[in-house]
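Subject: Handing over the model

Hi,

Here is the structure I promised to pass on to you. Please open it alongside this message, and my notes on what turned up follow below.

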Amino acid sequence: MYGVNFSVRFHTLTSQFLNRVQFQISINNKTRQLSSSLISFQTGSCKAKGAKCYDVVVVGGGIIGTGTALKLKQKLPQLSIAIVEKENCVAIHQSGRNSGVIHAGMYYKPGSLRAELCVKGMLEMYKYCEANNIPHKRNGKIIVATTPQEVKWLEDLMNRGFKNCVPGLEMLDQGQIKDVEPHCVGLKAIYSPYTGIINFADVCHHFAAKFKELKGHIYTNFRVVDLKPTPEGGGSTKQDCSNYPISVVGDKKVLHAGFVLSCAGLYADEIAKLTDKCVDQQIIPFRGTYYLLCEKKQHMVKGNIYPVPNPSLPFLGVHFTPKMDGSVWCGPTAALAFRKEGYKATDFDGKEFCDMVKFQGLRSFVFKNFTSNVIEILKSTSKRAQLIELRKYIPTINASDLLPGPSGVQAQAMDSCGQLVEDFAFISSNDRILHCLNCPSPAATASIAISEYIANKVECSLKQLH
C-alpha cells in the first residue's frame, strides 16, 4: 500500500513539475523575441482576430488592481493597459466591504512592508482625498487597555508604533481617556490622531475613473479561467506571440498580454496556481460580522475605539468604528468562512470548502487556535458574546442597542504549517507574471503606496525583458 501511494504521489509531483517547466520554457522562448517597440515601452499592433492585445493586463478591479493600473498609466502613458474584473463593476468585495478605517500603522512588525507602506500610504491617502475632494475624516483612535496584562501589551504596542514612525502617538491615563471618549472606560490607552475614516469604495471608483481618462480599459464580467502561452494561428501572428505571449482566458473572452499582474484578492492563490502549481500558500477567508449601534447611542462614540490586541492570537478584537454616514459599526468577528465570498454564516461552496479542508495549513491552524476559533464563531452567531466584549469599553451599551449590520470577508494567506502570512507577499511565476498573493489590512489604507511599489516592480520587469 505504501509503495502504491508513493508511486502515485511521485507521478503527480513529476507531472506538476514538467507542466511548470513547459510553461516557463514556452514563455521564455517568446521573451527572447521581443521587438524594439516593447523594449522602448511602445505599444505594438496586434493582428489577432477576436482577441485584443495589451502591454499589461491587471487581474482584479479592487483598490490595489485599479490603483496599480492607474500608477502604471501615469508613469508609462505609452503602455496599453487593461483591467479585467469578474464582477459588473469595481470594488465589489474587499475594497467595498471593509471597516473604512484609515490606519496609522502601529500594529505591524517594524521593518516589514506592512509597517513601511501603511505609514507612507496613510499620509498619501489623506493627500489624495484632499486633492480630489473624496469625503473622509481624521477622527482619531484610542486603543484601550482594561487589565494590567493589557497595559503591558499596550506599552509594547506603543514602542512598536514609535519604531514604525507613526506620527502623533500619545499615552493616555484614565482621566485623559475620558477627555477623548467621555463614555469609554479603561486603565490606559494609546491615542492615534492620524487614524481616520473613509469609504474606500469611493477611492477605488476614483482610481478607475482616472485610469479610464488616461485611455486605460476596464473589462467587467471577465472571470479569468486560465493564463497560458499565446498560440500561433487563429489570427495571431508570430509577432503577436512574441510581444504578447500570455493569453488571459476568460469564460467568454480572451486578451493577449505582454505582462500580467494579478491582484485577485480572495482568489489570488487560484490565479497563481494557473501558472505555478507549486504555490504552497492558500487564501483562507475570514468573515467579519458587524452590529450597528442604535441611533440614540451613536453620540457615545466620537472616534475609533479599539481593544489591545493579544499578541498570541491572530485576531484584533471587536471595536467601535464611526462611519462617514454617521452610523457606528460594532465588531467585527473573525470567523472562518465556508466559501471565499461567504458574507453570511450559511453561505457554503462545496468545492472551496473541500479545498480548504484538504489544506494541511488550515488543519494545523484550527488545531493550534482551537479555543480562539470557537470564540470567534460564537461571537459571529451570538449577540450576547459580542456584547460582553463591547461592554468592556462602553459599559452602558445594551443588547437592544445592537442592530444587525453588514459583513465582509478578508483574504488572508496561510502557509502549509498553519501560520498566517504576516507581510504583504508577491511572487513571480516567470519574468512576465507577478502575483499579489497576500494583501490583507491595511492594504486599503496603504493602497497608493502599495500601487507605487508594485508599479516599480512591473516597470523593472519590463526593462529586464530585453
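Two strands are taken to pair if DSSP finds at least two bridges between them. Helices (H or I, at least four residues) and strands (E, at least two) are DSSP runs, numbered from the N terminus. This is a predicted model, in which local features need pLDDT of at least 70 and side-chain atom pairs count only at pLDDT 80 or more, while totals for chains, interfaces and linings use all residues. Residues are numbered from 1 along each chain as its sequence is written, and side-chain values use heavy atoms, with hydrogens and water left out.

Overall picture

The chain has 14 helices and 20 strands. Of its 466 residues, 54% are buried (under 20% relative accessible area with a 1.4 Å probe, protein chains only; exposed is over 50%, and partly exposed lies in between). Its accessible surface is about 20,500 Å², with carbon and sulfur atoms holding 55% of that (Shrake-Rupley method, 1.4 Å probe). If you take the contacts (heavy atoms within 4.5 Å) between residues at least 6 apart in sequence, 75% of them join residues at least 24 apart.

A three-stranded sheet

Next, have a look at the open sheet formed by 3 strands in the order E3-E8-E4, with antiparallel pairing. Strands E3 (101–102) and E4 (136–137) stand at the edges with a single partner strand each, so one side of each has no neighbour in the sheet. E4 is joined to E8 (residues 196–198) by 2 bridges, and Lys137 has Ile197 of E8 as its bridge partner.

Two helix pairs

Which residues of H4 and H7 meet? From H4 they are Met125, Tyr128 and Cys129, and from H7 they are Phe200, Val203, His206, Phe207 and Lys210. The axes of H4 (residues 113–131) and H7 (residues 200–213) come within 12 Å and cross at roughly 70°. Axes here are lines fitted to C-alpha atoms, for helices over the stretch in contact, and angles run from 0 to 180 degrees between N-to-C directions. H4 and H7 are therefore roughly perpendicular (65 to 115 degrees; under 35 is roughly parallel, over 145 roughly antiparallel and the rest oblique).

In the second pair, H12 (residues 370–381) and H13 (residues 383–390) pack at about 105° with axes 5 Å apart. H12 and H13 are therefore roughly perpendicular to each other as well. Leu378, Lys379 and Thr381 of H12 make the contact with Lys383, Ala385, Gln386 and Glu389 of H13.

Ser441

Finally, Ser441 sits in the loop between strand E20 (433–438) and helix H14 (447–464). Its relative accessibility is 27%, so Ser441 counts as partly exposed. Leaving aside residues up to four places away in sequence, Ser441 touches His103, Tyr108, Arg114 and Gln410. Ser441 and Arg114 are 327 residues apart along the chain, yet their C-alpha atoms are separated by 8.6 Å.

Best wishes
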